[in-house]
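Here are my notes on the model, point by point. Please read them with the structure open.

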Amino acid sequence: MKLRPLVPADYASVLALNTTAAGLVDPLGLDRLDWLRLIAAHAVVVEDDGRPIGFVLTFTPGSAYDGLEYGWFAATYGDRFLFVDRIVVDADRRREGVASTVYRAIERSAHPFARVVTRVRSDDPAGLTFHTARGYVEVGKQRRADGATMSLLSKDL
């Protein structure tokens, strides 16, 4: 398994992976993915045997990223956070340590920002358990226009 930069040739695989996580991550279309890749701090594909099995997008303070929760973190932490917008792992490869490997890499790169932040749907017990086990704590909640409640999570580094 290796982490490598996400490139346009990966778009079809990344969009398919994102679709498998519908309801847990925001929808993603081709234009939005292309824009996010260009402004992301990390736009990374997780590859195994030459096949994408996951991806992650992160954003730093001051980015053009327009997410609601990102705005809350920016207002709360200023320039002292790295935001994990989404991490998606192929359903057949979950519970194999893929996400943990990605988070270790993210957390190592985030030390200059003092913390890693993300959001998880409050009704996603697996996502909440994963993050809690990694040392993330809930620092707030936010209700979206679609009615979903998001748990805002932070891990000080």
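1. Take the contacts in the chain between residues at least 6 apart in sequence: 64% join residues at least 24 apart. Contact here means heavy atoms within 4.5 Å.

2. A word on the basis. This is a predicted model, in which local features need pLDDT of at least 70 and side-chain atom pairs count only at pLDDT 80 or more, while totals for chains, interfaces and linings use all residues. Residues are numbered from 1 along each chain as its sequence is written, and side-chain values use heavy atoms, with hydrogens and water left out.

3. Overall dimensions. The chain has a radius of gyration of 15 Å, which agrees with the value near 15 Å for a compact globule of 157 residues. The radius is taken over C-alpha atoms, and the globule rule is 2.2 Å times the number of residues to the power 0.38. Along the principal axes, the C-alpha atoms fill a box of roughly 40 × 35 × 30 Å. Of the 157 residues, 47% count as buried (under 20% relative accessible area, 1.4 Å probe, protein chains only).

4. Secondary structure. The chain has five helices and seven strands. These are DSSP runs, numbered from the N terminus: helices are H or I of at least four residues, strands E of at least two. The order from the N terminus is β-α-α-β-β-α-β-α-β-α-β-β.

5. Strand β5 deserves a look. Six of the seven residues in β5 (residues 115-121) are buried. β5 pairs with β4 (residues 82-89) in the parallel sense over three bridges; pairing requires at least two DSSP bridges between the strands. F83 stands opposite V117 in β5. The chain crosses from β4 through helix α4 (residues 98-109) to β5, a right-handed β-α-β crossover (clockwise from the first strand over the helix to the second, with the strands pointing away from the viewer).

6. β5 also has an antiparallel partner. Seven bridges join β5 to β7 (residues 149-156). T118 stands opposite L153 in β7.

7. Aromatic pairs. The count is 11, for Phe, Tyr and Trp (six-membered) rings with centres within 6.5 Å. Y70 and F81 are edge-to-face (planes over 60 degrees apart), at 5.6 Å centre to centre and 65° between the planes. Y70 lies in helix α3 (residues 68-77) and F81 in the loop between α3 and β4, so the pair ties together parts 11 residues apart in sequence. Both Y70 and F81 are buried. Ring pairs link F59, Y65, Y70, W72, F73, Y77, F81 and F83 into a cluster.

Note on methods: Buried < 20%, exposed > 50% of the residue type's maximum accessible area, 1.4 Å probe, protein only. Phe/Tyr/Trp six-rings, centres within 6.5 Å; stacked < 30°, edge-to-face > 60°.
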